[in-house]
Structure formats: C-alpha cells, structure tokens
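My notes follow in the order I took them.

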Amino acid sequence: MTAGIMCRRFSGPSYRAAAFSTTTRSWGKKIFLRKTEECQSTKERNKESKPPVKLRLWKPPEYRVFFNPLAYPGAKCVYHGNASVGLEDGLLESDYSTIGAKQVRNTYSITCSRRLSSTRNTLLDLENNKALSTQASSMQPTRSVPVKDDEQIANVEDYDTKEDPRTFQKQRPEYRSLCYSRYELPDPLSMEECNHILQKVAVLKSSLKPGTIADYFLRLSCLPEEQRLGMMSNARFAMLCRYGVENIQAFDISELIAVLRAFVGLAIPPMHSMLNVYETECCRRAWNMNLDQQLLVADLWRCLGRVVPRYLEIVLSYVNLHWKNLTLPQLVQLVYIIGEGRKAPEELVQKLDVLVLKQLDSLNLEEVGAICLGFFKSQNGLSEQTMRKIGDKVSARVADISNYALVNVLKMFRYTHVDHMDFLKQLGNVVPPRIPTIGIQGVMHITLACSALHYLNEKVMNAVAASVPPRAAYCRSKDIAKLLWSFGCLNYEPPNAEEFYASLEEQMHAKLNEFNKFPEHLLTCLLALTFAKRFPYDLIDYALSPGFLKLSSKSKFELQKDFFTLDGTVEIECPDYKGHRLTPQFRQEVAEMLWDLAKKENCMKVDITEAFSLLQDMLGGPQYIKHHMILPHTRSTDLEIHLDANQKPLPFNSEAASTVKLELKENGVVLTDDLMTQLVKGKVQSHSLMSGTENKIEMQIEERETTQEQSLSTWNHFSFTDGVPLTGDILNALTKSKMSSEGPHAPLSKQQTGGMKLAVQVSNRNHYCYGSKHLLGLHSLKRRQLSRIGYVVIEIPFWEWFPLLRHSRSEKLSYLHYKLFGSLV
C-alpha cells in the first residue's frame, strides 16, 4: 500500500529536514509525518506495525509526494502485498534552488512498475540507488601490490588488460568511426549542469524525445568520475534510464549508439538487467547497420565488458557475405572483435586469413600484433604461408615493434608451431634487453613460446631467470606454472637457478588458495620441478592427497596423466618419500589408457615399426624383443631387449614366444634337402653370414626376395632356397630330446641372469630442442629413470636413422647391429 505524505513549505531558505518515520495501516488510512520527537513517543504503539522506514525529505509548499523508499539512499524496502504498486520519488535539496514557482506547482507522478510498458518482465535495477553505485565502483580494476616493492617494477607491472590491446587503434584516423576512445570525450560536465539535466528529466518525464534522452545520457557521461557515482544514485537518473528503455524502439541507430557510448562513459555494470534490453535491440537492428556501425557497437559492448555472442554471430554472418569489401582498418578491428569474442566460424576465418596475407605489406607492426592476438584468442591459427610472411616482416624491423605486439606475434608462432629461424634468432638480440621493461605476464608468454617451439636461446632464458626473483610476487598461479614449465621443458638450468627456483617455490606456497581454483597449474609446476630434479615433498604430498584429487576432478582439463607422471616419478626418484600416493587401481587405469593411445600413435610410426621388425629378425624372433611402455608414466614406448652375460639375446617375451610355439606346433617345420644338409653339418656355420662382407649380404637378400622366402636375420639364422629359416631354437627343438631344459622357454640360468636389460629408443625431432641435440625435459627424465631401475638406454637417433630408411635392408641391419652391440663394447 502507498503512504500519503503531506509536506508544508516554510518561509526562508531551504534546509534539510530531520528524519521522519511513518507506517501504513492495513486499512489504508493516511498517516501524516510528525517530528522525530513525536515519533519517539509513539514507538511502543507501532511495534506491531510494519518496520519503520526512515526518510530525508524537503518540503515544498502544499506539495503532495508519493514516496518510493527505493529511491532514497539508505532507505529500506517495505512490501505490502502487490510489489508492482506505483511509487514516486522525492527531490534533492540542491535541485530545488533552481526550480521556479511554476515548475514547483507542476506536480508529477512516476510509476516505477516492475513491468515496463515497452519491455515486459524487465527489471530496472537502477531503482535501487546503492546497487548501481556499488556495482559501478566495483568495475574499477584492482591489483594486489606487494608491500615491499620497487617503484619501477610496479610501473612495469601496471598492465591494463582492456587498454593495451587497443594500441593499434591509435595508428590510423579511420579507427575513430570503428571504436570507442576514452581520450576523445567532450568537455567535462559541471555538477550544476548535471542537476539542471536531472531537473528537466523530472519535469518532462514521459514527454522526453528519444533524441533528447540520448543527448542527456551523453552529457551526463561527461561528469567527472568522483561525482558520477553520486549522480547515478539519484532517482531521476533511474527515471532517465527507464524512459530510455521504454523508448528504445523509437531510437534511430545513431541515437542507440550514442546511448551505448554514454553507458561506457558511465561504466554501467556489464550484468545490469537494463543492458539486456539494449542487447536485444542491437541484435534486432544489426542487419540495418552498415559495417562501421556494426563494428562500433561490438566495440562498445566490449568496452562495457559484456559478452554478446548473439550479436557477434549476426555481425559475423553479415561479414561472411561481404568479406571481400573489408577495408584494412575494418579487417583489423574485426579480428580484434573476434578475438575478444573468443570464436568465429571456420569458413570466415579462412577468408580473413586470405585478406591478412593480401594486406600484410600495408599493415604496421602494431596491427600485425593485433591480428595475431585476435586469431590466437579465438583459437584459430593463421596459415603457414601467412606466418612466414609475418616472420619476414617482423624480423626485418624487430627493433621497432612494441613489447606488446612482439609478445602477441610470439603467441601466434607458438600456436601454429611455425619455425621461422630469422625471427627466432632476432629474439636473442632484441628480447634480453627488453625483459626488465616487460610485465611478468609478457615475460611468461615469451618463455612459453620458446618452450612450445622447443627453441632454446640461453640469452633469453638467462635474462628471464634474472628478472623473475624480484618480481615473483606479481606472478599469478598461471605465470608460476608456465615459467617453471618453460625452463623444465627446455631442460635448461640458468646461472641463478637456486634463486630462480626458490622465489617461485615460495610463491607456490603463498598462492595455494589460487592453485585450488586452478589445480592444473599446481600439477604443471610440480612436473616442471621434477624435470629439474627438484622435489618439494610438502607440495607433492598435497597434490597427491585425496582432497586435491577430488578438487581436480572438477577441472575442465584432463589431469589423470599428470597425476600419473608425478606419482611414477616420485616412486622411482624419491625412495624416502612417505606422503600420499595414487591407488594401484588409479595407476592401472591410466596406464591402460596411455597404452591405448600409444598403440594408435607410436606403434604406427614407420621409423619405429621398421626398427622393431628388423630387430626381430636380427635377434631371432618376436620372443627376443618387446615393444611396450617400460615406464608407462613417461607416456612413450621403447623396444626392450634382454642380453645374457655373453651379450646374446634372451627370449624373455613370453607372450610372443607362446605365439611362436603354438604356430610351430600346429604347422610343423618344412624339411628340405638344404635343411638336412645343415643338420648334418651342424651349427658351426651359424655365424657365417655375420663374418661375410656387406656385398655377400646384399646378394643373399636379393636372392631371398626373388624366391619369396622369409626375412633375413643377421643373428643366429640360416637361409634356404625354400621352406623356413632355420634358427638356433629350431635346431635345439630338432636335435634335443623333448625333456631338454635348454629350449627357448626354459628358466634363465644364473649366467643368463647376470646379463643386462636394454631400452632401445627410436628418437625423433620432438625429443630435442630445435636445431640441436639438447634433450627436452620429459625425455631426459625418462632416460634418467630408466637408468635408475637398471636399464641400459640405447638410442637410435633420428638424424642417423631417418636417412637410412631409404637405404637397403642390409645397410639398416648392419647399422642396427652396430648400435645394439657395438655400443656395449
């Protein structure tokens, strides 16, 4: 129910009245306001009524006001049944000083209904004065600054995430029609002018024209920031917002844009319900706008901080039809908007890639950085041809590019994995002196790009390591993780390693709460530290605890493999660790998952399958070799071979051996004249092929190929004109009695157990830093752990093996024999 208030105006200057209290009876009788002292005397009598609402009012002569408690700062809402009862607001004292007698007599009524005439079911939160001012003030970015800090470092770390990406917009005047600039605002508005505008709103009310509403919004947005929040808590500003919503369909496009521009200046909170109406109207009008207007509206929404996927979808559909007509500024601004929206249709992205390549020579370096950032944020890569031209352009003028644009270009090279050596070499000359002037987030992206490209430049890494300790407190959990990962991945220890790692480990402990929100970052940190042979037991214990495992299950990333790698590493390298460990069931499930992935990837690679097949033949069969994951937590496969004390292969692969035995039992052995001759002569000639020259081996191979016989083996094999190869195992099976214990599956003797286990690794380029033989962190960790558990690691390096794949079979066999046995001498 509404409360009637009678106010009398006394002669003399206006003044702020004392606080009053009123209640509303259930039968709707009006209660007149009395002085505070009178209200106190009736306090006990009103206890059973609704809670009192304290107001501050000014009393114009004979002026009846239907008040709205929502319109007053500090007032409480009083609801009696229907929440949509019409309420009215009071006037500020300062407003009355300029109101004439005629205006005072002109009473007005405002129906602040929850249901607006033109937009049903839309809630105007602006009715609540405190809500808007509080929300607007919360929009100001805050940064936690360390107590003890150098002023110069603080200035470097002062990064504006909204303004810095827009630097390119200052490069050309054409961008003025495409984007909002906070530096091109009209002259500031005085408080007196602000009050005058608000008074006009109160007088004109529903007769306000759309153009007038837009003009008032624009002028009010020029109010100084320190006075803006107070103005926005004024009930008349809420009236203006309400009339804007009610007249929104009467706005022409320029007026609609003007209102959005004013909202940016006023810092309207992005989630404010009023903006829902404007977003819907922008979507409805999008096809009636030209491209400049579409991009400007998209930019205004970006400046408001509001995500408008539906509007962007409409704009991109329009652009997809008119993409050939894009001017250079329109292209760059569009890519920027796409990046801020985080997605775009693949078909349009490909068209834009073509335009970027075509316009690249005309782009300046800041625009190149904006293009790279836009594609990167939308998770779309530029083509290799475009990236190489970008590398050519930037490397020729790398000294002129800004830090921000340089970091963005590196992001795109990291995303596309395009190696441009001229550009990468320039980094070693340009980046180290700039590191102290680049914010820690930019430094992180530089090192992360180097690690993603597997490019190790010691000058760059040393400069980064030297700059991190004094700025470690500015690192987010993500920055800590990526910095540690970059050094660990590249398997590089800087000169100040102790100071570098100590500063970041200290921040890991300080930011545990942040790691709880992003558990993937803590795992990244710990894995990177294990690469560097560092094991903070307390953090490892926390990461492997059931509570953190449960917490990480809610992450959008698949973290099971990371947990498995960390746990397996601790088991091998930390025998004195007594903390939490993964359950056997968890390890078994992840190991099976990794093996399934390996069978689809590693087991299908030509270089690995070729080496595996040849080694099988060379050693005597599949029972002498096994292709599997010796250390499943290292996520890659090896070829395992066992040798006895005399460096002869041992048949340890029981699964493959049982398969061979079954085949022999079912099919038997084809006895030929050659086989009988060999049986009579004995096994003394078993090594004749090994002692022959390479030409003889080649002739025998060609002869076997023409007769379509089984593959040649260079270890303990014989070759025949038909039938099957005669191996030492077959000779034993034919010449020994059935009760002999010297068969291929007999238990190993003590002499045999004194041999060694080999882990043969067929490496590739991704195991090493770019253009070098410096092993990466994960693969270095794997070899380290294989040695710890008793394996001898033998590498078949890609720079030797890949060229041999095109050579003859005998050359590959000779090479493998040398690598396997020559390296053991």
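What covers the buried residues of α18? I found that the cover includes α16 (365–377), α17 (384–396), α19 (421–434) and α20 (440–452).

**Basis.** I am working with a predicted model, in which local features need pLDDT of at least 70 and side-chain atom pairs count only at pLDDT 80 or more, while totals for chains, interfaces and linings use all residues. Residues are numbered from 1 along each chain as its sequence is written, and side-chain values use heavy atoms, with hydrogens and water left out.

**Whole protein.** I noted 39 helices and eight strands; helices (H or I, at least four residues) and strands (E, at least two) are DSSP runs numbered from the N terminus. Of the 825 residues, 50% are buried, where buried means under 20% relative accessible area, exposed over 50% and partly exposed in between (1.4 Å probe, protein chains only). I then looked at contacts (heavy atoms within 4.5 Å). Among those between residues at least 6 apart in sequence, 75% join residues at least 24 apart.

**α18.** Helix α18 covers residues 403–416. Its 14 residues reach 20 Å from first C-alpha to last, close to the 20 Å expected at 1.5 Å a residue; the expected span is 1.5 Å times one less than the number of residues. Because 10 of the 14 residues are buried, α18 is largely enclosed by the rest of the structure. I listed the buried ones as Ala405, Leu406, Val407, Asn408, Val409, Leu410, Lys411, Met412, Phe413 and Arg414. Just after α18, I found His417 with a positive phi of about 55°.

**α15.** I checked helix α15 (residues 346–359) in the same way. It also has 14 residues and spans 20 Å from its first C-alpha to its last, close to the expected 20 Å. Its buried residues are Leu348, Val349, Lys351, Leu352, Asp353, Leu355 and Val356. I see them packed against α13 (309–322), α14 (328–341), α16 and α17.

**α21 with α23.** Helix α21 (residues 458–471) packs on helix α23 (residues 497–510) at an angle of about 40°, with the axes 9 Å apart. Axes are lines fitted to C-alpha atoms, for helices over the stretch in contact, and angles run from 0 to 180 degrees between N-to-C directions. That makes α21 oblique to α23; angles under 35 degrees count as roughly parallel, over 145 as roughly antiparallel, 65 to 115 as roughly perpendicular and the rest as oblique. I found Ala465, Val468 and Pro469 of α21 meeting Glu499, Phe500, Ser503 and Leu504 of α23. By class, this contact has five nonpolar, one polar and one charged residues. Ala, Val, Leu, Ile, Met, Phe, Trp, Tyr, Cys and Pro count as nonpolar, Asp, Glu, Lys and Arg as charged, and the others, Gly among them, as polar.

**α23 with α25.** I followed α23 to helix α25 (residues 519–531), where the angle is about 150° and the axes are 12 Å apart. That makes α23 roughly antiparallel to α25. Tyr501, Glu505 and Met508 in α23 meet Leu522, Cys525, Leu526 and Leu529 in α25. I sorted this contact into six nonpolar, no polar and one charged residues.

**Thr280.** Is Thr280 buried or exposed? It counts as exposed, at 54% relative accessibility. I placed Thr280 in helix α11 (residues 274–285). Thr280 and Arg310 lie 30 residues apart in sequence and 8.9 Å apart in space, C-alpha to C-alpha.
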